[in-house]
Each structure stands twice: as structure tokens, then as C-alpha cells.
Amino acid sequence: MTRWVLSQRLYLPFESTAVSNRFLNFSKSLRRAYTGFVQNLQNEGSVLLTSSYYAKLLSQCCASKSLVQGKLAHTQLTKFGLSEDPKLRIHLITLYSKCRDFGYARKLVDESPEPDLVSWSALISGLAQNEHGQEAISAYREMHGMGLMGNEFTFPTVLKSCSIREDLVMGKQVHRVVVVTGHDSDEFVANGLVVMYAKCGEFGDSRRVFCSIQVKNVVSWNGLISSYVQSDFFGEAKEMFDKMILSGIRPSEFSLSSILNACAGLGDRSQGRKVHGYLIKLGYESDRFSENALVDMYAKAGDLEDAITAFEEISQPDIVSWNAIIAGCVLHQQNHQALKLYMQMNRSGIFPNLFTLSSALKACAGMELNYLARQLHSIVMKLDTKADNFVRAGLVDMYSKCSLMEDARMAFDLMAQKDLIALNALISGYSQNGEDVQAVSLFAETYKSEIGFNQTTLSVILKSATSMQAVDVSMQVHALSSKLGFDNDSQVATSLIDAYSKCGNMGEAARAFEFCAAGDLVALTSMIAAYAQHGQGEEAVKLYLEVQRRGLKPDPFVCSSLLNASANLSAHEQGKQAHVHVLKFGFMSDVFAGNSLVNMYAKCGSIDDAICAFDEIPVRGIVSWSAMIGGFAQHGHGKEALQLFDQMLEDGVAPNHITLLSVLCACNHAGLVDKAERFFKSMEESFAIRPTQEHYACMIDILGRAGKLEEAVDLIETMPFQATGHVWGAILGAARIHKNVELGKRAADMLFVVEPENSGTHVLLSNIYASAGMWGNVAEVRRLMKHSKVKKEPGTSWVELKDKVYTFIVGDRSHPRTEEIYAKLDELSELMSRAGYVPMVEIDLHDVETSEKEKLLCHHSEKLAVAFALIASPPGAPIRVKKNLRICIDCHNAFKFICKIVSREIIIRDTNRFHHFRNGSCSCGDYW
């Protein structure tokens, strides 16, 4: 026979229990029995009561767990020599085991003259029922070593202990003994085996044992169903419940409460309602476990109203009921309702436990209630929470979200055993509250400690590094991630892509993406967004095609990024295809996709489609309004922009700094100087928005274009910022328009210092000199430009035809249809000349003959793009061209002739605005 050798006997310490007046408080029936017992002793003297009388008395003590009275009875048994009675000994062992006095119980087992299976079974049962799994297993081993195999009472309890300890090896050994002794056919033993294998994660073996049970009762089904639920295999639990119902087994309260927990895990409200029907039909609706499970199910399945209704139908809610409904409210972000219920629970006389406080802390954090945060902390301190790190981490998170970072750090420092959850909460708090240096410093202090870090930690640190524009920190985190294998993680890879791209390092962003796991939609989305934000629309479109090739379903953010990429490329056809995908996947109600549609159509020159997209946005936020107002501004529809701004204010939407910048731009493009001044001067007073550098630059440009040059200069001198290149560029442009040589020279001198590499400064200054007939100065500017080795940025234009974007530069001859393009330009030049067009050769700074200058002007990139569109697109179709520079005066003049000659609308998007050329005129009214 196999024997287990124990290194030491696992005794539990004896508990000394003194007899006191508490004896008077035990149950009335037991008091009557014990009083009668004492009176008999007094009346009968030496006449002893029968063993059955003592057995009855001890059974009553055991049922009421009256340990003191049981020990008094034990004293009398010992006094009268009855303690050696085997049956009474078993009653005593059972009593001591159920009352958790395992020292006395074990002493009685050891004092048995012969190994007694029933005594050992009673001891093992008591240990198992009181969650002392390891001690129960050790006792069984010792019993087995004495030659006692076990019976139908021993095996279920020792199997329960194996379940508690998840001791699969011991469980299998017990299973073998069960088979050898022939107890595998016993339903209680079989049920114990089902649960043991399931709790140890061996659901295949559990299912096989279950299937071997000849006659399955509700207990058998409950064992497997509840095990599936406890292991989060909710679908399998639901499948087994359905089979149980089909087999004709009537579910018990336990069956229904278990399957309700499965429905909660699945978020299956439909199945949950069916189970609710079973509860009512079978008369279990007042079962407390089922009532609480109903509240939890409805809350987790997304129906908070039904959860509240189910809660209100509980006659006397217990702490579990309150916890379920409060946690449900927090889950649905109904934090105010959660705190209201928390207060109501306190008034009802039920004191919160750690789970309640955890939910209350989340609700307080969600509402950022600083005053309540400290009150909840004081309640937490009154409870014994030293061992509950989850609540301690909740305190750190709550203080962080309430922007009380000093308190958050103190709560973290006071933790006896700091864990990763609390560390992440604190680092996230620093990052969310703009204390990025502290976040990075804390990580530097702790990343080598026992606490360690995970994907969440690295992502937060990368976010802080991005805010700090600290690309070196991002690189260090990247190196650490690569070293430990985190760079393949989607969350970390996405954060790396975001960090590098927002720091302008697209090369590293692309490399981080390459190392990410293939087929990951989140990383693909992040990379598409990065390309779109950096104007690399073609790369963004390529990646989107990769998303489709892999069969991945895009989310609204992917479609939004693709629309932004199309907008940056002015790829109207590509944008329309993206619009189709938005419709196909049902994202029209998504506010991000809707805003991106407005932006895309506006930037692709289709303001009418932008208006339609704007009208379809169900709930318009400030981004929606700003996008549409900005679209009107870019297209020169100043009055429409201002009307929409007034409508926004009437709808109760407050503007932000971007909205007001768009309003000023609308006034600028429409020449509404007085209105612009009123808006600018009233920004802080009317909308509590202090003008930024961008607002000042726009206002200076407005004044300069309108010829109010002195006012523009005065505004520069009085504004609370150092004038930037944008500001002096606006002054230089105004000086060119109004031929103010002196002011132009001053602005150019400032720009030579602020932006020495900007070739546009030399060009505009030269134009100012040329317009004033100062040809010596023009030559000097050319010489200066050559001496300083400043190269004029080549003009580049893009035109989209048949899902492909074509790029042209000045004098470009790389296109396959070059001969046709230049032939078309020659044809247009002749027709324009007949119509009265004269090339503006004075704006060309090349030191060549006039005839050569005319050719150079004729071969500007936007003219090449328009010529190609004329030969490659259907007759009458609008032509949309995007240019990287401000459209030159000659091209602007030429397109007014061309649009009339070819009877087509030509839409040019330059760096400032859109120009719609129709019937010989431009939408800008020559004011740009």
C-alpha cells in the first residue's frame, strides 16, 4: 500500500475557551436540554444518562456552533467516563471541527485507540468547510497512510480541498483511489471530481467525468456550470445550462444565479431576461443570491434602468446588493447616482466594505470631487485595508484624477507593499495633470525595482515624453522595450509611433511600426494618422489599402485618418471613396468621421459637399462648427462663415481659439476689416479667450491688406509676443500689395534674421523693388540671394485623376504625356494672347531674356497640372489643383483667361486659400 510521509504533523494551535456567562445566551432549546441534563445529574446522583442523550445534546451544540456549551458537555462526558464512546467521540470531533477548534478535534482523533475512518472524515470535512485546504489534504494523506482508504463522505471533502488548493496532482491521486474503492459511481464523489478538475483548469477531464455520471441530477449540472462561470468560460456555461434545460432537469436557485453571472460576463441581456423569467416561473425571485445576480447581470449587460428596478424590488438589500448596483452605476459612468446610492446605503445602517469603497473611489475620481476624496480616504483608513492594495491603488487613482497629486503621492508612499497598479495610477496622474517631468522621474526611480513595469507604464511615459518633445526619452524607452520584448506589443508600438511622429521623427516612427506584430489594426491606424498629420497622404493611403488587403475592418478613427490624408493631398476622388467606406461601415453617426468629412470636402475644394456633410452630423461639437467655419473662410465665403458663427452661438456652443482664428481668416479673405477688428478686440471680454500669436498675425495681415499699414505696425509693437516670421511675412506681403518700399525693406530685414533660409523673402522684396522701378535694388537682392546660397523652394503642384495623384514641378518633363501637356500649353498661350493676356515678366527674377521669362512663367507647376487635367479628364469636369506655395500673380491672372476659354471651373488650393476660377473671374475678387 502506498503511504505518504509527512515531514511534520499539521496541528492547529489550541484555543483556550473559558466558561463564562455567555453560556446563558445560547439557543433556548439547547438551554432547556442542558438545564435538564444538569438537573438529572443532581437528582439522580450517580445514575448516568444514556449515550443517545449526550449525542442529541452534542448535535444541538454542533448545529448552533455553541462551542462553550459543547465543551461543558465534553467535561461532563469525561467526568462520567463516556468520552471513550466512539459515537460520542465522532460527535465531539464534528463539533470542534465545525467550530474551528481543530486542535481539540485533532487531539480526539489521535486519542482513538484504533484508526477510525469516520473520525478522520469528520476532521477532514471540518477543515475543508473552513477553507483549510492544505491541512485537510495533509490529514487525508496521514489517514491514507494508516490504511484507511476513504468513503463516500471522505472523498467529496478531500476533493473540495484539492479544488481550494488547485492541487491537480493530489486530485488525480484521490481519483485513482476513488476508482479502486469503487466510489466513482457515487453521485457526490463524481460531482466532487467534476468540480476539482474544472477548478484546476482541466475542463476536458471535468467534462469526461461529468459525461460518465449515469444519472445526472441538478447538483451534477450545477457543479460544471458554476465551474465554467468561475473560470470565465461564460459561453460554455450557457451551453451547459441550455442542455440541462433540454434534458428536463429543473434548475435550482443556484443554477439560475450561476447562469445569471454568465450572462453578466457575456453582456447577454436577452438570455438574462429569459433566466429572469425562470426565476419568476419557478418561484425563486425572492432568493437573495438570484436577486443580487439579477442586479449585476442587468448592469453589466448594459441596462442600468432594469438593474435599478431589480434592486428596488429587493425587500432588504444586503451589502452585496448595494455593491452590485453602485458598481453598475460606476460602470455606466453614472457617478452622481453611484454616490447618491452610497449615501443612501450608509443611512440604511449598512456599513461599506472594501468593494463598496472601491466603487465609491472610482465615482469620486470620475466627478473630480476633491472635498469628498478626503472623506472617503478617512473611511478607508478606519477599515483594515493594509492588506488590500486594490483599494490603496484606488486612492492613488482618485487623488490623481482629482488633480491632488501631492495627496496621490502620499497615498502611494504610505503603501506598505507598493504594486504596479498603484505605480501606474500615480505615473498616469502626473502625465494627465501635465507634470510630465515627475512622471518620467518616477519611472526612472522605480523601473529597476521589484515593482517593475508593463505596457501601460511604457505607454504613459511615452505620452509624457511626447508632451515634453523629448525624443531622447522616447528613444531610451524604445531601447528598453526592445530589450525586454515589449516593442512587439501593440500598445507600446502604437505609443512609440505616436511619440516619434509628434516629435517629427517619421523615420523612427516607421521603424517602430515595422517591428509591430503584423495585422494589428491599432498600429496601422496610428501609422496612417501619423502620415496624414505630417502631410504624407500617399503613404497613408497605401497603408489603408494594406488594411483592406489584410481583411481588417477599419474603425471610425482609421476612416477619419484616411479622410484627413485625402484632405492634405486635395485628393477629391480618394476622399469620396473614403466617404463610401464611412457609409459602408456605418460610421456616419461618428462625430470624428463626420468632422473629417467636412474638413476633407472643404480642403478638396468642394464646399457644397462639405455643407452636406456638416448638415448630417447628428450632434455638432465645437470641432464640427470650427471645421465648417474654417472651410467657408478658406473658400472666401466670409459672410457665410460669420452667419454660421452666429448660428453656433445661438445653439449654445462656445467658440475656442481655433474657431475665432477661422472667423478672423474669413474676415481677411472677404476684406471685412471692421468686423475683424470688432471680433479681435472683443475676444477676451466676450469669450474669455486671450488672443494668441496666430490671432495677432491674422489681424496684422488683415490691416496690412486693407492698407492700414501704420495700424498694423502699431499692433506689432504693442502685442505681448515677439514678432514671428508669420507676422513679418504678413507685413512684407502688405508692403508688396501697396508698394511701400520702406516698410517692405524693414520687414525683409527682420525676416532675414528670423527665417534666413526662406527664399520667399527675397522674391517678395525683389517684386517690391521691381514694382517701384528700382532695378539696381532688384539686382542687389539677386546677388544677396546667390551669395547667401538661399535656394528658392521649387513650386510643386498636385492634381488627382482616376484615383491617382500626379505631381508637377516648374518646367517638369518627366510625365509620360509631356509632349501633349506642352502642346496644350502652347495652344492655351495663343488663345490667351488673342483674349488680351500679357505675361507679367517683371515678377520673374531669373537673369534671362524676356522671351525666356515668358516661357518660364508659362511652365509654372500649376499651369502644367491644369494642362494635364484638360487633356486627361472628361470635358466640363472641374479641375482641382493643389500647390505648395502661394499662387503667383501671373498664374492667377492666366487662370481667369483659361477658365473662360475652356468653359471649366478651375479650383486652385494654395498655402493661403482656395481660388475658384469661373467665367473669367476668381472667387477671391483679386484680394488674396
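Helices H12 and H14 run roughly parallel to each other, because their axes cross at roughly 20 degrees and angles under 35 degrees count as roughly parallel. This is a predicted model, so please read everything below as a description of that prediction.

**Helices H12 and H14**
- H12 covers residues 218-230 and H14 covers residues 253-266, and their axes come within 9 Å.
- The crossing in which H12 passes H14 is left-handed.
- On the H12 side, the contact is made by Val 218, Asn 222, Ile 225, Ser 226 and Val 229.
- H14 contributes Phe 254, Ser 255, Ser 258, Asn 261 and Ala 262 to this contact.
- Sorted by class, the residues of the contact of H12 with H14 are 5 nonpolar and 5 polar, with no charged ones.

**Helices H48 and H49**
- H48 and H49 have a right-handed crossing.
- From H48, the residues Glu 862, Lys 863, Val 866 and Leu 870 meet Asp 890, Cys 891, Ala 894, Phe 895 and Val 902 of H49.
- The contact of H48 with H49 holds 6 nonpolar and 3 charged residues, and no polar ones.

- Within H29 (residues 506-515), the buried residues are Met 506, Glu 508, Ala 509, Ala 510, Ala 512 and Phe 513.

**A look at Ile 461**
- You can find Ile 461 in helix H26, which spans residues 455-467.
- Ile 461 counts as buried because its relative accessibility is 0%.
- Leaving aside residues up to four places away in sequence, Ile 461 touches Ile 427, Ala 439, Val 440, Phe 443, Val 473 and Val 477.
- Gly 925 is 464 residues away from Ile 461 along the chain, and their C-alpha atoms are separated by 51 Å.

**Nonpolar cores**
- The largest nonpolar core has 240 residues, and Tyr 140, Leu 376, Met 398 and Met 527 touch the most other members.
- Another core, of 32 residues, lies apart from it and includes Val 799, Tyr 822, Leu 864 and Val 866.
- Val 866 of this other core is also one of the H48 residues that meet H49.

Terms used. Residues numbered from 1 in each chain as written. Predicted model: local features only at pLDDT ≥ 70, side-chain atom pairs only at ≥ 80, totals over all residues. Heavy atoms only, no water. Buried < 20%, exposed > 50% of the residue type's maximum accessible area, 1.4 Å probe, protein only. Helix = DSSP H or I, 4+ residues; strand = E, 2+ residues; numbered from the N terminus. Axes fitted to C-alpha atoms, helices over the stretch in contact; angles between N-to-C directions. Parallel < 35°, antiparallel > 145°, perpendicular 65-115°, else oblique. Left-handed = near helix turned anticlockwise from the far one by under 90°. Contact = heavy atoms within 4.5 Å. Nonpolar A, V, L, I, M, F, W, Y, C, P; charged D, E, K, R; others polar. Core = buried A, V, L, I, M, F, W, Y, C linked by side-chain atoms within 4.5 Å.
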